[in-house]
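Please read them with the coordinates open.

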Amino acid sequence: MRFRLPFFGLVLFSIIFGNTPSNLDSLKSGLKFLRWKKIDVELNQFQYGQTYNSTISVSFIDSTEYLIESNQQNIFISVNRIKTFNKNSKQLIIDERLPKDRDIFSIISGDLSGILISNKRNENGLITFSFEMKDYKMKGNISVNSGNWHFENVVVDYDKDNWIKVQIQSWQILRGNYSFSEFGKDAVEVIDLRE
């Protein structure tokens, strides 16, 4: 009888803690909340001594399609295709990127393939992880809300002279139709870099 209670305690402990999701799974799940959402973010970029600050909107259609809107230009990314529409010149540039290329917004949307996370810390209601993408020589920190694992901010350090920080300001449910083929149809000049 003495050995039964510790044995059942050990079994219960292994059942409870053996099936808990990993930090990476929890992070992916929390970031997926932004799919079919439009978010306003503050973007701060430091590049070779120059600082750039802006507020932009990002509409996450799913994990492979998102629309970035700023005062000067809109960028629509769909899988490995990119369309950039310059609002001032009404010029549309069409380009492709490598199939597995990533950017800061693909990370925010929950595409964490190829990312190593470490150094989990709880700070002022946020869970912060260090991350690294060795294939792209990118590293930084990502923070999520400790209650629901929803995105709060990310900092990407390319090197000591180049970094980007994205901080969420607000979000709303995405409404309307978004079509990559229709994007930029009002352009007066089209430059296709794929040719």
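1. Basis. This is a predicted model, in which local features need pLDDT of at least 70 and side-chain atom pairs count only at pLDDT 80 or more, while totals for chains, interfaces and linings use all residues. Residues are numbered from 1 along each chain as its sequence is written, and side-chain values use heavy atoms, with hydrogens and water left out.

2. The sheet. An open sheet of 12 strands runs in the order β7-β8-β9-β10-β11-β1-β2-β3-β4-β5-β6-β12, with mixed pairing; strands here are DSSP runs of E of at least two residues, numbered from the N terminus, and two of them pair if DSSP finds at least two bridges between them. At the edges lie β7 (116-123) and β12 (189-192), each of which pairs on one side only.

3. Strand β4 and its neighbours. Strand β4 (residues 73-78) is mostly covered, with 5 of its 6 residues buried, where buried means under 20% relative accessible area with a 1.4 Å probe, protein chains only. Strand β3 (residues 65-69) pairs with β4 in the antiparallel sense over 5 bridges, I68 standing opposite I75 in β4, and a hairpin through 3 residues joins β3 to β4. Strand β5 (residues 81-86) is antiparallel to β4 and joined to it by 6 bridges, with K83 in β5 as the bridge partner of F76. The hairpin of β4 and β5 has 2 residues between the strands, and V79 in its turn has a positive phi of about 55 degrees.

4. Nonpolar cores. Taking a core as a set of buried Ala, Val, Leu, Ile, Met, Phe, Trp, Tyr and Cys residues joined through side-chain atoms within 4.5 Å, the largest has 34 residues, and those with the most contacts inside it are V58, F105, I108, I142, F151, V154 and V166. A second, separate core of 10 residues includes F76, F85, I94 and F180.

5. The largest pocket. The largest pocket is lined by 14 residues, of which L43, Q45, Y52, Q73 and I75 lie nearest its centre; a pocket is an open set of points on a 1 Å grid over the protein atoms alone, where a 1.4 Å probe fits, with protein on both sides within 12 Å along at least five of seven lines, and lining residues have an atom within 4 Å of a point. Among the elements that each supply at least two lining residues are β1 (37-47), β2 (50-60), β3 and β4.

Terms used
Helix = DSSP H or I, 4+ residues; strand = E, 2+ residues; numbered from the N terminus. Buried < 20%, exposed > 50% of the residue type's maximum accessible area, 1.4 Å probe, protein only.
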